[in-house]
Amino acid sequence: MTTPRETSALQIDDLRGSAARRRRELIIRTFFFLAAGTAVLISALIVITLIGEAIAFISKVDISSLFSGAWQPRAGNYDMLSIIAGTFVVATIAMVVATPLGLGAAIFLAEYASPRVRRTIKPILEVLAAIPSVVLGFFTLTVLSPTVVDAICPGSTPLFNMAGAGIAVGILITPLVASIAEDAMYAVPSALREASYGLGARKRVTSLRIVFPAAVSGIVAALIVGFSRAVGETMIVALAAGGVGGAVFNLNPCLPGQTMTAAMTALAVGSDQAGGGIAYASLFFVGLLLFVMTLLLNLISERFVRRIRSAY
Amino acid sequence: MAYAGKLRTNATTAAVERALTGQTRPVGEWIFQGLLFVALVIALGFLVWLLSDVLVRSMPVWQERGVQNFISTNLSSDPAKAGIAQGLFGSIFLMLIVISLTIPVGVSAAIYLEEYAADNRLTRLLNTAVRNLAAVPAVVYGLLGLSVFVAAMQDINNGRNLLAGGLTLSLVVLPIVIITAAEALRSVPRAIREAGFGVGATKWEVVRSHVLPYAAPGIFTGIILTIARAFGETAPLLLVGAAAAGFGQAASATVVDKVLGPYTSLPTTIYSWARLPQAEFRALTAAAIVVLLAVVLFINAVAIILRNRYERRW
């Protein structure tokens with residue numbers, strides 16, 4: 001006699017596989033989920049530690065020292081505005097260098113270069129992007145500042161200056177800007193270009209009036225990402241911009257200055273930073289500002305990238 | 001027609017003819033193309049300038065000391081004796097920690113995000129977190145390492161040891177590993193997965209036998225590039241206490257002593273030497289940079305060759 005189970009039609013349970021197999025799937029899935037969860041955990045840890053110490057800093061510090069016109073942690077001067085000003089001077093010079101170089105290279109690669117030239121030049125640009133920033137810092141100190149900056153700035157220029165650091169940061173982010181902008185222009189459908197040529201437009205007009213506007217979201221995103229990287233760049237500024245002990249408020253790029261990132265390394269190097277105290281806590285306050293700035297820039301650039309994705 | 005006749009002068013005819021037969025001189029075109037080319041040449045020119053300058057500057061070290069001597073001597077305040085042995089040891093050990101931590105965690109996270117995660121709020125939160133972590137400046141990770149790892153390992157040389165440095169560097173590169181691995185997984189077509197499901201494979205079986213083999217070249221290229229980046233990373237290490245100045249080390253120091261004691265990395269050595277005023281250290285710094293660039297560019301070349309060789313367009 002047969003059991004009803006054997007004669008009945010195929011059940012959904014029969015297709016599910018063995019319990020052992022399902023258990024193994026669940027274990028593997030949980031492991032992968034936990035790995036992905038570490039990302040959120042790290043984000044949360046960063047925010048918690050930064051905010052915790054930043055609050056400790058604000059509650060302990062003498063508020064008037066936050067507007068004292070100089071950033072000299074060892075002397076008790078914590079003027080945020082002077083290192084924020086330094087950050088923006090360096091990042092602005094970097095953008096002045098990287099925007100024409102990066103976008104020029106991007107238009108050349110996307111619109112003018114033959115496939116063979118593209119294949120040769122793109123890896124070379126990647127090599128430029130791979131140079132560690134501490135190397136560029138040394139190069140700025142020994143070559144760029146004594147030659148290029150000395151020629152641009154009037155009068156006798158100090159060896160440590162923000163202009164040299166800004167130019168070097170600009171060189172550093174040029175490949176990044178070029179690569180994102182080129183991807184955006186490359187993604188513009190060729191039908192648009194052909195329509196433009198069909199109306200008798202030349203290559204320059206097609207590039208500037210058709211492809212560039214069509215890719216403008218991606219190009220703006222490239223510039224924002226570049227700016228964000230320039231704000232967060234540390235080693236070039238720490239080596240070449242000067243102001244190791246501190247910096248006064250200064251917007252003149254030909255003089256020494258300090259950025260938020262360099263202020264953090266300067267404070268960490270050579271001081272007993274794990275010992276606590278206001279100077280230690282100020283590191284985290286600066287870090288929190290930096291974190292919020294780059295986070296905002298990243299969110300804005302993502303919005304621009306999403307716009308270009310939805311367009312084509 | 002009087003009006004048409006007025007327009008059809010010799011000059012206009014010639015201009016129209018020139019335009020139709022393409023004989024005008026597009027000066028604007030030439031200038032524009034020239035400017036674009038100049039932008040590219042300046043960017044690449046900097047690379048050449050930098051490489052040649054560092055090479056020339058480092059020549060005295062190679063001639064007087066030799067490569068062998070330079071990479072096998074310890075830090076010293078005497079330029080004639082200073083070498084990068086400790087920096088190289090530190091950097092290599094840091095890379096071992098980074099590789100052994102970020103590859104399993106990063107690739108697993110990418111597999112979850114691409115293969116398992118449903119399109120819901122939690123997944124979007126994870127994706128946003130990863131992308132934003134990748135944009136956080138490395139120096140901020142140094143702060144995290146300082147307050148978490150250094151604080152937790154106070155018993156081991158005040159927390160300034162290679163383990164704290166390695167953990168911090170791993171956090172810096174983890175989001176980049178996740179993003180590149182996820183991109184490689186995404187580029188494997190759906191049909192490959194459906195073929196696996198069609199013969200009754202489970203999700204993990206499909207991932208292991210169908211998706212990962214096709215995504216492997218992309219994943220490895222991404223990981224190799226990330227390691228090259230981690231090798232040159234300096235700022236977070238300065239914050240978690242890689243020695244910026246020299247430190248003594250007994251000749252009898254074992255590997256355990258080196259791992260648990262004070263340490264430095266190759267880029268940190270470069271940073272501290274570059275700040276020294278003596279002219280002799282300029283050549284030493286340049287020599288250390290040549291070693292660093294040789295390693296970084298070699299790793300990059302391997303990744304680019306790997307990618308060109310195994311890149312597959314579906």
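A: Begin with the domains: their bounds come from an automatic or database domain assignment. Note also that this is a predicted model.

Q: Which domains does chain A have, and how far apart do their C-alpha centres lie?
A: Chain A splits into domain 1 (18–60) and domain 2 (64–311). The C-alpha centres of domain 1 of chain A and domain 2 of chain A are 31 Å apart. Their contact draws on nine residues from domain 1 of chain A and eight residues from domain 2 of chain A. On the domain 1 side, six of these residues are nonpolar, one is polar and two are charged.

Q: How should I read the interface between chain A and chain B?
A: The size of an interface is often given as the accessible area lost when the parts come together. Here the description is by residues: 70 residues of chain A are in contact with 70 residues of chain B. On the chain A side, helix 3 (residues 19–60) gives the most, with 19 residues. By class, the chain A side has 43 nonpolar, 18 polar and nine charged residues.

Q: Which residues of helix 9 of chain A are buried, and why do they share a side?
A: An α-helix has 3.6 residues a turn, so residues three or four places apart point the same way. In helix 9 (residues 203–214) of chain A, the buried residues are A:S207, A:V211, A:F212 and A:A214. They lie on the same side of helix 9 of chain A because they cover an arc of only 145 degrees around the axis.

Q: What covers the buried residues of helix 9 of chain A, and which exposed residues does the face turned away carry?
A: The cover includes helix 4 (80–112), helix 7 (162–186), helix 8 (190–198) and helix 10 (216–232) of chain A. The face of helix 9 of chain A turned away from its buried side carries the exposed residues A:R209 and A:P213.

Definitions and conventions. Residues are numbered from 1 along each chain as its sequence is written. Chains are lettered from A and ligands numbered from 1 in the order in which they are written. This is a predicted model: local features need pLDDT of at least 70, side-chain atom pairs count only at pLDDT 80 or more; totals for chains, interfaces and linings use all residues. Two residues are in contact if their C-beta atoms, placed from the backbone, lie within 7 Å. Helices (H or I, at least four residues) and strands (E, at least two) are DSSP runs, numbered from the N terminus. Ala, Val, Leu, Ile, Met, Phe, Trp, Tyr, Cys and Pro count as nonpolar, Asp, Glu, Lys and Arg as charged, and the others, Gly among them, as polar. A residue is buried if 20 or more other C-beta atoms lie within 10 Å of its own, exposed if 12 or fewer, and partly exposed in between; C-beta atoms are placed from the backbone. The arc is that of the directions from the helix axis to the C-beta atoms.
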